[in-house]
Amino acid sequence: LHARIYETLATLIHAGKLASPVTVKSFFENAEPIDAHTTVPQYLGRLAANATTVINAAEYGRTVYDLATRRALIVIGEDMVNGAYDATVDSSPRAQIDEAEGRLYSLAEQNKYGQGFESFQSALTTAIHMANSAFQRAGHLSGASTGLSDLDHKLGGLQRSDLIILAGRPSMGKTALVTNIAYNVAKAYRTEIGPDGMEKVVDGGRVGFFSLEMSSEQLATRILAEQAEISSEKIRRGMIDDQEFRRLAEKAAEMSQVPLFIDQTGGITIAQLSARARKLKRQHGLDLLIVDYLQLLAGTKKGDANRVQEITEITTGLKALAKELQVPIIALSQLSRQVEAREDKRPQLSDLRESGSIEQDADVVMFVFREEYYVERTKPAEGTPEFAEWMAKMSQVSGKAEVIIGKQRHGPVGTVELAFEGQFTRFGNLARDYQLPDR
């Protein structure tokens with residue numbers, strides 16, 4: 001009955017008419033009485049008499065919303081119980097957990113994400129706030145700083161809800177670069193209490209790292225080597241002296257406070273990755289997500305789906321996740337072998353492996369390129385004229401790396417030169433000639 005009354009009220013209001021017990025009554029003259037003593041028109045009068053004032057409207061609305069949320073929780077709970085009882089042979093409990101987790105998360109987030117149309121005024125306000133925070137932040141960045149000033153200058157920092165693809169051939173330093181960025185962002189993490197009493201991130205951020213290729217211990221060793229300036233090979237083999245060990249211990253104590261979370265599970269699906277990222281955001285907060293690397297993820301569609309369709313599903317899923325969680329996602333990607341066949345081995349967009357969707361869905365596509373790697377492998381015999389040429393070429397490219405920005409939705413494309421220290425697997429800002437003292 002309440003639903004019918006509500007629909008009648010809505011119809012009258014939409015038609016621009018007055019909705020009162022008198023106007024609504026005419027629609028329920030012949031309605032079945034509620035009980036022996038009360039007809040529907042009488043009940044309408046009683047409803048109007050007991051109506052609350054508009055003074056606490058927000059509180060009443062919140063009560064209705066809370067009750068509706070509880071009802072949705074009951075439905076999810078019942079479906080979960082029934083689904084577990086009636087499970088078929090081919091449905092795994094893991095899949096059911098993922099589905100329940102997804103439904104619970106969408107219920108938790110329904111007031112924040114996917115609210116349909118938003119007024120242009122509201123979008124403008126958000127844009128102005130972003131410009132203001134960029135104006136006030138050191139380096140004038142609208143996104144989180146990568147810790148590499150030349151790269152920040154080209155990208156304007158890591159922008160929220162962007163999907164950033166970082167691609168390269170093996171041994172170019174993709175994982176090293178993304179690990180450096182992850183640690184720089186987590187190390188700079190700083191918050192303050194805003195005017196509304198809520199805690200907001202002022203600098204840096206909390207980082208989630210899906211390491212599908214390396215174990216968390218290998219990743220930690222890399223970051224430790226980079227920070228303590230001791231080669232990871234020496235750390236792994238225990239070839240360090242007392243002084244170096246003390247330096248390692250000090251750095252480890254300092255680094256243990258950094259909000260960097262690593263998930264080392266291999267071969268997970270895009271749905272599982274999304275569920276885990278949502279859980280991390282709910283429990284600890286999340287400001288940057290890294291996936292190392294894209295081709296090791298699996299799609300959810302089983303059966304005859306080919307690899308191109310699978311990669312399409314993965315990149316589409318990652319872009320949707322970036323928008324949903326409002327965080328930048330950096331996903332690493334392998335490049336095809338056709339790079340090696342060319343004279344100039346600098347990567348291009350067409351070298352992205354297995355799918356054009358990587359290029360389409362990404363907001364930014366970057367390539368890591370180290371010419372030193374290729375020049376090193378063409379070393380001629382010592383004492384020959386070619387050797388002198390090779391030495392001159394090596395001195396030009398040694399310790400340098402290039403990050404080629406092949407696509408950027410809201411900024412320029414181009415090349416950024418970085419310094420690369422191979423023994424510590426560390427990227428840094430490259431000192432320009434004009435910044436060096438006179439020799």
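**Figure 1. Glu421, at the end of a strand.** Glu421 belongs to strand 10, which covers residues 414-421; helices (H or I, at least four residues) and strands (E, at least two) are DSSP runs, numbered from the N terminus. Its relative accessible area is 32%, so Glu421 is partly exposed. For this label, buried means under 20% relative accessible area, exposed over 50% and partly exposed in between, with a 1.4 Å probe and protein chains only. Glu421 and Ile314 are 107 residues apart in sequence, and their C-alpha atoms are 33 Å apart in space.

A word on the model before we go on. This is a predicted model, in which local features need pLDDT of at least 70 and side-chain atom pairs count only at pLDDT 80 or more, while totals for chains, interfaces and linings use all residues. Residues are numbered from 1 along each chain as its sequence is written, and side-chain values use heavy atoms, with hydrogens and water left out.

**Figure 2. The aromatic pair of Phe420 and Phe427.** Searching the whole structure turns up one aromatic pair. Its partners are Phe420 and Phe427, with 4.7 Å from centre to centre and 50 degrees between the planes, which makes the pair tilted. Rings of Phe, Tyr and Trp (its six-membered ring) pair if their centres lie within 6.5 Å; planes under 30 degrees apart count as stacked, over 60 as edge-to-face and the rest as tilted. Phe420 is buried, because its relative accessibility is 10%. Phe427 is buried as well, at 5%.

**Figure 3. Leu151 and its neighbours.** Here we look at Leu151, a residue of helix 7. With a relative accessibility of 0%, Leu151 counts as buried. Leaving aside residues up to four places away in sequence, Leu151 touches Thr146, Ile181, Met366, Val403, Ile405 and Val416, where a contact means heavy atoms within 4.5 Å.

**Figure 4. Two loop residues with positive phi.** Ser161 is not a glycine, but its phi is positive, at about 60 degrees. You will find Ser161 in the loop that links helix 7 (149-155) to strand 1 (163-168). Its relative accessibility of 17% means that Ser161 counts as buried. Gln326, also a residue other than glycine, has a positive phi near 60 degrees. The loop that holds Gln326 runs between helix 13 (307-325) and strand 7 (329-334). Gln326 is partly exposed, with a relative accessible area of 39%.

**Figure 5. Stepping back to the chain.** For orientation, the chain has 17 helices and eleven strands. Its radius of gyration is 29 Å, well over the 22 Å that the globule rule gives for 439 residues, so the chain is more spread out than a compact globule. That radius is taken over C-alpha atoms, and the rule is 2.2 Å times the number of residues to the power 0.38. Along the principal axes, the C-alpha atoms fill a box of roughly 115 × 55 × 45 Å. Of the 439 residues, 39% count as buried. Among contacts between residues at least 6 apart in sequence, 65% join residues at least 24 apart.
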